[in-house]
Amino acid sequence: MPSVSLITLGCAKNEVDSNRMHACLAASGLDVVDDPNGADIIIVNTCSFITEATEEALELIFELLSCESFEQGKTKLVVAGCMPSRYGEALSAELPEVAAFVPAADEDKIAEVCWELLGLASATESSAAGATESAAKSSVAPQRLIAEPWAYVKISEGCSRSCAYCTIPSIRGPYRSFSYDEIAAEITELVSQGAHEIVLIGQDTGIWGSDFEELQTTSSTSSPVSPASSASLQSTSPRNLAELIDVLALQHPQVWFRIMYLQPQGITDELLATIARHNNICDYLDIPLQHANARVLKDMNRAGSGAEHRVLLERVRKALPNVTLRTTLIAGFPGEKRSDAQELKDFVLETEFDYVGAFAYSQEDGTAAGARSDQVASHTKHARLQRLRDAADEVGFARAALQLGREVDVLVCGVDEEGVYGRTQGQAPEVDGIVYITEPAAKKILDKGFVRVRIVDVQCYDLYGEVI
């Protein structure tokens with residue numbers, strides 16, 4: 001059986017796309033293997049959001065192409081995802097050794113691409129027909145295969161915002177909500193496979209459903225709308241994120257639900273009330289604010305100010321007294337002054353986020369900010385970033401220390417060199433701290449899903465607990 005290996009770079013949204021491709025490839029009859037050595041085809045699902053991510057992808061591509069199996073023609077390389085979406089046909093000229101480029105919008109055809117590269121599309125009629133049919137089915141209702149007790153679920157694709165620094169709209173296209181039927185079916189499948197936590201993601205999760213009226217209008221004028229999308233327009237379906245998460249939490253009361261990537265405008269009173277009403281919706285909000293200075297935010301083509309952010313956070317904490325808060329901030333945006341950077345640092349110290357993802361601004365071609373002449377010098381930008389991260393850690397470590405002595409529910413996730421670990425509702429996968437379960441018999445709880453733990457030690461962002 002021909003083998004394919006998938007390598008994923010980038011964010012959680014790319015992980016979902018790779019997961020879908022994995023299921024599609026397996027359904028078509030290809031053997032999907034973890035180890036790329038010896039695979040007939042290697043697929044690199046790339047990130048190209050910023051220059052650094054593109055450079056990382058190119059470094060891996062060149063490394064793979066230098067391997068003996070590629071030079072001898074035994075292995076073929078497919079580059080998928082954001083990089084082909086962003087750079088298009090230019091990649092073919094720059095990387096003629098790559099066998100195929102599959103942009104994000106065409107990833108549902110990945111099995112067809114692989115079978116054709118293997119020269120088996122017409123070698124045996126049954127294999128070709130089976131592969132094509134399986135790929136076609138997967139494109140209509142993609143299946144998911146998970147190896148963790150949690151899973152990401154994309155509720156939308158693309159973005160219609162025009163933040164001055166961002167390339168996502170050009171890579172992923174305009175914002176479009178996935179239908180409730182699609183989302184609910186995917187979650188049901190994941191739960192049946194053993195997922196105890198579902199993390200809802202999208203470039204802008206808070207506005208889910210806001211385009212359904214537009215879709216309905218489009219449908220009424222005879223433009224093509226998928227059956228799944230049309231189903232979501234029925235009056236009985238959820239119409240916004242608050243209604244969606246409410247329905248999902250009721251359908252799966254034993255599953256945790258977490259919402260990521262909530263822009264400030266999407267945090268409604270209705271949403272906060274819904275989160276407060278359900279014990280299985282994590283009191284956790286990831287709010288990418290990007291900056292605290294009003295002028296810098298305006299230059300970013302974003303709304304708000306430090307004062308408005310503080311009002312929002314006060315409203316959130318009043319509605320959810322035990323909420324865990326994460327944000328994303330950019331240091332060194334063009335035109336940022338020393339006083340602006342200090343204002344941002346002071347904002348971090350005052351607002352006490354539990355987690356902060358801080359990044360240096362990346363100058364990107366094709367963006368409004370990338371064309372500006374007042375770029376901040378690299379050494380200045382990174383010095384500001386370090387001060388921002390230091391402030392975030394000062395606050396974050398102190399916030400984590402407050403967990404000492406508390407009793408919490410923990411989702412058991414796996415085992416590493418330090419022992420069995422899991423996460424609380426206040427810890428998102430892959431980006432926050434974790435809980436190590438310290439008792440000698442901890443490995444016996446690996447398949448138990450949730451356990452009750454008392455926190456007995458804290459080290460930076462990581463917690464250590466004993467099963468009660």
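I looked up Glu364 to begin with: at 1% relative accessibility it counts as buried. Buried here means under 20% relative accessible area, exposed means over 50%, and partly exposed lies in between (1.4 Å probe, protein chains only). The areas come from the Shrake-Rupley method with a 1.4 Å probe, and for residues only the protein chains shown count as cover.

I noted that this is a predicted model, where local features need pLDDT of at least 70 and side-chain atom pairs count only at pLDDT 80 or more, while totals for chains, interfaces and linings use all residues. Residues are numbered from 1 along each chain as its sequence is written, and side-chain values use heavy atoms, with hydrogens and water left out.

**Salt bridges**

I searched the whole structure and got 22 salt bridges. The criterion is a side-chain nitrogen of Lys or Arg within 4 Å of a carboxyl oxygen of Asp or Glu.

Which residue does Glu364 pair with in a salt bridge? The partner is Arg86, with the closest N and O atoms 3.0 Å apart. Glu364 sits in the loop between strand 13 (355-360) and helix 17 (378-401), and Arg86 in helix 4 (residues 82-87), so the pair ties together parts 278 residues apart in sequence. Helices (H or I, at least four residues) and strands (E, at least two) are DSSP runs, numbered from the N terminus. Arg86 is buried, at 17% relative accessible area.

I then checked Glu197 and Arg258. Their side chains form a salt bridge of 2.7 Å, N to O. This pair links distant parts of the chain, with Glu197 in strand 9 (residues 197-201) and Arg258 in strand 10 (residues 256-259), 61 residues apart. Glu197 is buried at 0% relative accessibility. Arg258 is buried as well, with a relative accessible area of 0%.

Next came Arg372 and Asp374, whose side chains meet in a salt bridge at 2.6 Å, N to O. Arg372 is partly exposed at 24% relative accessibility. Asp374 is partly exposed at 32%. Both belong to a network of salt bridges that links Arg295, Asp299, Asp340, Arg372 and Asp374.

**His291**

Is His291 buried or exposed? His291 is buried, with a relative accessible area of 0%. I placed it in the loop between strand 11 (281-286) and helix 14 (294-299). A polar contact of 2.7 Å joins its side chain to that of Glu336. The His291 side chain also reaches the backbone nitrogen of Asn293 at 3.1 Å. A polar contact is a pair of N or O atoms within 3.5 Å; within protein, one must be able to donate a hydrogen and the other to accept it, and residues adjacent in sequence count only if both atoms are side-chain atoms.

**Positive phi**

I found Glu430 with a positive phi of about 75 degrees, although it is not a glycine. Glu430 lies in the loop between strand 15 (419-423) and strand 16 (435-437). It is exposed, at 52% relative accessible area.

Cys460, also not a glycine, has a positive phi near 60 degrees. I located Cys460 in the loop between strand 17 (450-459) and strand 18 (462-467). It is partly exposed, at 46% relative accessible area.

**Helix 2**

Finally I looked at Glu63, which is in helix 2 (residues 51-65). At 51% relative accessibility, Glu63 counts as exposed.
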